[in-house]
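This report covers one protein model.

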Amino acid sequence: MPRWEAIVTAKQTGKSKKPAKKTRKSKQKPAKTAAPTTSQQAKDAGPKSEKLYRTLVESALDGILIHAGDRVAFANRAAAAMLGFAGPAALVGQPLASIVHPDDLAITQDRIRGVPAGEVVAYPVEVRCVKRDGTGLPVEATGALVTYEGKPAVLTVIRDISERKREEAALRENQANLNALVENTEDRIWAVDAGYRLIVGNAQFLRGVGEERKRELALGASVLPDNLPQAVLDEWRGYYDRALRGESFSIEREVQFHTEPASMDYRFHPIRSAAGRISGVMVCGRDITERKRAEAALRAGEERYRLLFASMTE
């Protein structure tokens, strides 16, 4: 074909022979890894969480029980040890009646039944448990609603409070002994706060004040009433203020009880809190009339002997 025909033909067909372009190889980006779904994360974390919770439960110092119905479905090592069982397996399956004191069984059953009814976390309550050997064990118990093996159950945490109970009993005994000591003394013992209000007073003090003032002095009432003479108010307020400033001291005063004069020894001591702050004054008043009379008689006798001896030597 002549050269010009080739050109025309190319124009008619829209085709022309051009050098082919070199194509670059495209770089393929690595495919993105799909983010794990929430359900997948939960599925992966499940065994780890279960292992963590089991470790926490087994290492807890408090006893942990799960009640399914009226029996123990789960127990940790601390609960088994508290109740005297060889291990958790020996405690599982035990009826509630075998580990709770008969006098506390009804209220404990009511609380366990009440938790699934809507009490998500039951308030702590003291319960007397019974150990495997039959001895009593005071505990503080708290309950909560849980799901165990796909069914509603009650988780109970028990804390051994035996030591606290012993301390409370010792404190009550000491308080009783102190009260007996204070009430059986002839001394007048009382305490006031920083506002001169009566905190405590033994029978001897209250009886004496009632007879002298012709009215009873109630706890919380001022020991410096306005109907006392101003000189007496100022004197006693001064004594209390000295003790409130931290001073311990004693005074001797001649007083008039009924129609008979008497000599009294009053000892004042500041009352300090555990932090060292002075919050009141303790006073102990002792009748020393007989002692004063004996001292006076002794001085009179010594004077007579001195005069007699002096007359013999002249």
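Cysteine 284 is partly exposed at 22% relative accessibility, whereas cysteine 129 is buried at 6%. Here buried means under 20% relative accessible area, exposed over 50%, and partly exposed in between, with a 1.4 Å probe and protein chains only. The whole structure contains zero disulfides, a disulfide being a pair of cysteine sulfur atoms within 2.5 Å.

The model is predicted: local features need pLDDT of at least 70 and side-chain atom pairs count only at pLDDT 80 or more, while totals for chains, interfaces and linings use all residues. Residues are numbered from 1 along each chain as its sequence is written, and side-chain values use heavy atoms, with hydrogens and water left out. The average pLDDT (the predictor's confidence in each residue, from 0 to 100) is 81, and 80% of the residues score at least 70. Residues 1–14 have pLDDT below 50, and this stretch makes three contacts beyond near neighbours in sequence; contact means heavy atoms within 4.5 Å.

Helices (H or I, at least four residues) and strands (E, at least two) are DSSP runs numbered from the N terminus. Helix α5 comprises the 13 residues 102–114 and spans 19 Å from its first C-alpha to its last, close to the expected 18 Å; the expected span is 1.5 Å times one less than the number of residues. Asp104, Leu105, Thr108, Arg111 and Ile112 are buried in α5. The buried residues of this helix pack against β1 (63–68), β3 (125–130), β4 (136–148) and β5 (151–160).

The structure has 15 salt bridges, each a side-chain nitrogen of Lys or Arg within 4 Å of a carboxyl oxygen of Asp or Glu. The table gives examples.

| Arginine 77 | Glutamate 58 | 3.6 Å |

Arginine 77 is in helix α3 (residues 77–82) and glutamate 58 in helix α2 (residues 38–59), so their pairing ties together parts 19 residues apart in sequence. Glutamate 58 is buried at 17% relative accessible area.

Aspartate 104 of helix α5 and arginine 128 of strand β3 are 24 residues apart, and their pair links distant parts of the chain. Aspartate 104 is buried at 12%, whereas arginine 128 is partly exposed at 39%.

Arginine 164 sits in helix α6 (residues 162–183) and glutamate 140 in strand β4, so this pair joins parts 24 residues apart in sequence. Arginine 164 is partly exposed at 32%, and glutamate 140 is partly exposed at 25%. Salt bridges with shared partners connect Glu126, Glu140, Arg164, Lys165 and Glu168 in one network.
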